Amino acid sequence: MQRIKCECGHVNPEGTVLCEACGKPIEQNQHIDGNENKKLLNMRYEGSARRSKTYNKSIVDKIWNFFSSVKVGVWLIILTLIASAVGTIFPQEMYIPPGVNPAEHYKDSYGLFGQIYYQLGFHNLFSSWWYMILVASIGVSLVICSIDRVVPLYRALKKQRAKRHDVFIQRQRLFGETKNATSEDIQKLVEQLKKKNYKVTEDNGHYLAEKGRFSRWGPYVNHIGLIIILLAAMLRSLPFMYVEDYVWVREGETKVIPQTEQQYYIKNEDFIFEVYDENDERFAEAIKRNGEMVPSNFQTNAVIYKVDGDTIPGQDPELTEVKSGEIIVNKPLKIEDIDISLYQASYQLNEFQSMSFKLHVKDDAEENAIGEFTFDMQNPQSEYDLGNGYKAVVDEYYPEFYMENGIPASKSKYPRDPAFIFFVYGPDIEKYEVNFLAIGANLNPSEDNKYKLSLTGLDMRDVTGLTVKRDHTLPYFAVGAIIFMIGVVQGMYWYHRRIWIHPTKDGVWIAAHTNKNWFGIKKDLEKMLEENNIEMPKDQQQLE
Amino acid sequence: MANKKQKRLIFRTIVLLILLGAVVFALVTNLNNDNEVLEEGQLAKNFELAQIGANNTFNLHDDFKGKGVMLNFWATYCEPCKDEMPYMEQLYPKFKEKGVEILAVSLDSTTLVIENFMKKNNLTFPIVHDKRGEVMDAYNIVPIPTTYFIHPDGTIARIVEGPLTLSNLESYLNEIVPDS
């Protein structure tokens with residue numbers, strides 16, 4: 001490694017573009033920042049030696065330099081963006097209807113493009129190894145880019161001297177010459193700068209006034225925040241940090257809580273659904289505008305049980321009550337022993353619980369009951385005795401009825417839209433009479449029935465949807481996000497301004513540099529130089 | 001100078017190793033998450049469920065010792081599940097002789113619908129009812145049908161998500177025939 005000794009005496013690391021101390025351009029390295037044939041110096045990273053641009057020897061260096069490149073980082077981000085966008089064209093596998101074969105589903109629903117989509121694995125994009133590697137590479141790039149830039153920048157800002165090389169001063173964007181300026185004029189300017197909260201250092205009659213160097217660390221603070229957020233996301237794959245699942249529980253039902261290894265059960269005692277009163281004048285108008293009822297509360301009154309002793313799945317477990325309570329939106333019920341909380345997340349109202357029927361003579365206008373029975377959706381019998389020798393046999397029960405190619409079938413096991421085929425037997429019925437009943441429809445295949453089954457009543461129940469969750473990662477996300485914001489604010493609302501006062505034989509040179517907001521630094525200078533004999537520096541970029 | 005270069009190499013190597021470790025950790029944990037519960041080669045979890053249409057309870061570990069077991073998770077509201085039932089019925093007698101049992105685990109909510117389906121289709125292989133969905137939870141069943149083929153020693157030979165064809169079914173059943 002060759003170190004470069006500047007004429008000011010400072011020894012710079014290899015690859016330095018502008019001497020760390022005096023700012024003199026180092027001749028052989030001007031191509032690095034594209035300074036050749038330009039009037040102005042590129043002040044990025046103070047012209048310090050970014051290691052990545054200098055060597056490339058061992059494999060470690062090669063990997064390091066690959067990730068250290070901002071160009072590579074930007075490409076990684078672009079590729080991830082494109083991939084993420086493609087992943088949203090069709091639904092991901094977890095969102096297609098349960099029970100269907102994905103290979104067929106994508107082909108049937110979206111055609112050839114859907115098939116290609118499936119075969120290339122885009123249906124599971126966000127958990128695919130290559131997508132995760134892309135995101136991870138962004139993280140790696142973030143760390144290495146930051147290390148490779150913050151260290152040299154820090155060095156250069158620390159080593160800078162007040163006395164700069166003539167060339168450095170002349171090649172700043174804001175530069176002005178004043179002949180016949182006296183040392184009193186200079187002193188006055190120094191005082192003015194101090195009043196404006198510039199930190200002034202002196203070196204042999206040369207001055208450097210600096211303000212807001214703190215702003216330069218903004219991007220790196222910001223990156224630290226991002227890295228913490230990435231780490232927090234990684235923690236989510238550890239079960240003791242993060243668990244998320246979902247469970248639907250019907251009123252009166254006792255169900256195993258997922259993610260508890262079948263050790264805990266929940267019973268839905270009651271689901272309460274309250275709406276805002278439409279007769280209350282405070283809400284009346286809003287409810288009218290909304291066109292439907294607005295829920296004011298939904299909650300589950302739940303009991304949590306623990307399994308006693310060893311049971312294998314499927315056996316009737318011995319349950320002991322652990323706790324009971326209300327689960328309200330934003331007020332979860334926590335099971336302390338296993339550190340899992342249940343959140344009210346969703347609901348379905350009015351599932352059928354039971355339906356009552358009566359048998360009567362079809363032509364009887366009074367519909368006098370010959371016999372009655374109640375069909376319990378949870379626990380149906382295969383036949384119901386109606387008395388006097390009549391009985392109804394359940395031939396088919398469809399909890400969620402629909403017709404598939406003319407054949408009745410059920411979409412699910414949940415009684416949301418039940419339909420029944422009953423065979424009615426009786427002493428005066430030759431074989432049996434078929435009764436096909438569905439909600440709001442009489443689908444009887446035969447007109448010749450003597451008897452008829454009619455609905456007399458029904459019971460409804462609600463279903464609660466609960467999120468089962470353990471999340472200890474949120475504080476890390478919060479810390480990461482706060483640090484991220486601090487970094488943004490630091491870089492956005494402060495400016496790193498420097499003004500160099502460079503006395504010459506017959507006057508003084510003034511040069512100034514800021515990392516952003518050139519308008520602001522010009523204003524600063526104009527105000528001070530108004531009452532001074534020193535001329536306002538010119539913006540050399542505009543002159544070019 | 002050489003010293004400094006060496007220090008830099010060590011620093012870079014350490015940073016890269018830490019980053020590599022983090023990436024590997026993230027990949028491994030995320031890619032393994034899905035099959036965390038059960039995978040091929042592991043011991044199939046035990047369960048005990050009541051048989052439909054018979055006064056009998058099946059215990060996976062006790063009742064099928066030394067036999068290959070095909071566990072088929074299905075439901076009456078699942079069309080592709082119902083489609084493969086005839087294949088199972090067709091192969092059941094032949095493989096029962098060879099020491100392979102077929103056990104269909106229904107995820108329906110009521111015994112009534114399962115019984116009706118069984119009778120109407122004249123199914124002879126045993127069907128058990130996972131009423132509370134505990135076995136489904138234990139076996140991490142997401143799509144149905146899902147079928148587990150279990151070796152006579154109780155380890156999982158194969159997990160098939162989605163429908164089976166007759167020829168697939170036969171070859172998978174052959175894999176779990178016990179050595180005589």
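**Close-up views of a predicted two-chain model**

**Figure 1. A salt bridge between A:Asp395 and B:Lys120.** A:Asp395 pairs with B:Lys120, the closest N and O atoms being 2.8 Å apart; a salt bridge is counted where a side-chain nitrogen of Lys or Arg lies within 4 Å of a carboxyl oxygen of Asp or Glu. The pair crosses between chains, A:Asp395 belonging to strand β15 (residues 390–398) of chain A and B:Lys120 to helix α4 of chain B. Helices (H or I, at least four residues) and strands (E, at least two) are DSSP runs, numbered from the N terminus. A:Asp395 counts as buried at 15% relative accessibility, whereas B:Lys120 is partly exposed with a relative accessible area of 42%. Here buried means under 20% relative accessible area, exposed over 50%, and partly exposed in between (1.4 Å probe, protein chains only). This is a predicted model, in which local features need pLDDT of at least 70, side-chain atom pairs count only at pLDDT 80 or more, and totals for chains, interfaces and linings use all residues. Residues are numbered from 1 along each chain as its sequence is written, chains are lettered from A and ligands numbered from 1 in the order in which they are written, and side-chain values use heavy atoms, with hydrogens and water left out.

**Figure 2. The interface of chain B and chain A.** About 4500 Å² is buried between chain B and chain A, 61% of it on carbon and sulfur atoms. Buried area is the accessible area (1.4 Å probe) that two parts lose on being put together, summed over both. B:Arg12, B:Leu112 and B:Arg132 supply 15% of the area that chain B buries against chain A, more than any other three residues. The contact involves 56 residues of chain A and 45 residues of chain B, contact meaning heavy atoms within 4.5 Å. Four salt bridges are found across this interface. A:Asp316 and B:Arg132 meet through their side chains in a salt bridge (3.0 Å, N to O).

**Figure 3. The surroundings of B:Thr110.** B:Thr110 is placed in the loop between β4 (100–106) and α4 (111–120) of chain B. With a relative accessible area of 1%, B:Thr110 is buried. Leaving aside residues up to four places away in sequence, B:Thr110 touches A:Met377, A:Gln378, A:Pro380 and A:Tyr397 from chain A, together with B:His129.

**Figure 4. A salt bridge within chain B, between B:Glu101 and B:Lys96.** The side chains of B:Glu101 and B:Lys96 meet at 2.5 Å, N to O. B:Glu101 counts as buried at 5% relative accessibility, while B:Lys96 counts as partly exposed at 40%.

Figure 5. Most residues other than glycine have a negative phi. A:Tyr45, although not a glycine, has a positive phi of about 50°, and A:Glu46, also not a glycine, has a positive phi of about 60°. A:Glu46 is buried, with a relative accessible area of 6%, and A:Arg498 counts as buried at 0% relative accessibility. Salt bridges that share partners join A:Glu46, A:Arg216 and A:Arg498 into one network.

Figure 6. The residues A:Asp185, A:Ile186, A:Leu189, A:Val190, A:Gln192 and A:Leu193 are buried. The face turned away from the buried side carries the exposed residues A:Glu184 and A:Lys195. Among the elements of chain A that cover the buried residues are β4 (199–203), β5 (206–211), β22 (497–504), β23 (507–514) and α10 (518–530). Just after α6(A), A:Asn197 takes a positive phi of about 70°.
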